[in-house]
Amino acid sequence: RDSVASRGLGDVYKRQDPKLRQRHNVQTVTNLSEVQIEGLQGVLAVKAPKGAGKTQRIGRPFTEWALKQGGGMMAMAHRVTLIAELSARLGLPNYKTDPTTLKAEAERVGGIAVCSPSTARGDITELFPAPRFVFVDEIAQVLQFAADAMCSAGATDASGVYDRLLQIVGDAQAVVVADAGLDSRTIRFLEKARPGERFTIVEMEATCLLYTSPSPRDATLSR
């Protein structure tokens with residue numbers, strides 16, 4: 001059995017956009033703990049395999065740092081079921097909290113965890129019209145869902161949700177996005193929201209194991 005480190009995750013989005021490195025700072029890491037979070041300005045986009053700890057090693061330290069800066073923190077994902085987990089891991093109030101106490105709790109903590117379509121909801125836009133710090137988990141799926149006609153928040157349709165996401169990302173002081181499937185569409189969305197800005201794009205190398213077929217003698221001995 002041989003153990004080897006793979007040469008990245010395919011870099012599909014880099015092949016589709018060969019000038020990516022000219023516009024942005026692209027780097028490779030072997031562990032997410034290598035990524036600098038504190039003091040972040042602008043956009044950090046993280047591509048790492050599932051199970052690599054994107055929420056714990058990127059989202060959580062970013063949230064902790066953001067709250068120390070006075071709050072204005074918004075974390076989002078595309079599914080309601082993911083928000084409960086995101087809320088618990090990041091220590092942010094879940095937008096599904098009792099509406100009579102949500103405002104007070106979000107203001108006390110300085111942030112909120114919310115499903116991406118609901119960022120366009122009236123009470124959420126009132127609470128956080130322009131979050132200073134934004135963490136988007138599984139951003140490729142957030143954008144895919146925003147393109148779906150079924151995506152809505154009350155009277156706001158999919159187009160309105162997409163525009164709200166553009167506004168949130170564009171106005172923020174610091175934005176962290178993460179996904180195992182970070183792709184060229186994600187980069188284009190970020191560039192649309194923050195034109196002319198140079199991002200930091202981090203790709204975590206995947207480690208895999210290669211197995212060789214046992215020899216006939218090995219097979220005999222293992223019987």
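Q: Which residues of H3 are buried?

A: First, the ground rules. This is a predicted model: local features need pLDDT of at least 70, side-chain atom pairs count only at pLDDT 80 or more, and totals for chains, interfaces and linings use all residues. Residues are numbered from 1 along each chain as its sequence is written, and side-chain values use heavy atoms, without hydrogens and water. Buried means under 20% relative accessible area (1.4 Å probe, protein chains only). In H3, that gives Lys54, Thr55, Ile58, Gly59, Phe62, Thr63, Trp65 and Ala66.

Q: What do the buried residues of H3 pack against?

A: Contact means heavy atoms within 4.5 Å. Their partners are strands S3 (42-47), S4 (73-77), S6 (133-137) and S7 (174-179), plus helix H4 (80-90). Helices (H or I, at least four residues) and strands (E, at least two) are DSSP runs, numbered from the N terminus.

Q: Where does H3 bend?

A: The bend at a residue is the angle between axes fitted to the seven residues ending there and the seven starting there. H3 bends by about 25 degrees at Arg60. A proline, Pro61, follows within four residues.

Q: In what order do the strands form the sheet?

A: Strands pair if DSSP finds at least two bridges between them. Here 7 strands form an open, parallel sheet: S2-S8-S3-S7-S6-S4-S5. S2 (25-29) and S5 (111-115) are the edges; each has a single partner strand, so one side of each lacks a neighbour in the sheet.

Q: How many bridges join S2 and S8?

A: S2 pairs with S8 (residues 200-204) over 5 bridges, in the parallel sense. Val26 stands opposite Ile201 in S8.

Technical notes:
Buried means under 20% relative accessible area, exposed over 50%, partly exposed in between (1.4 Å probe, protein chains only).
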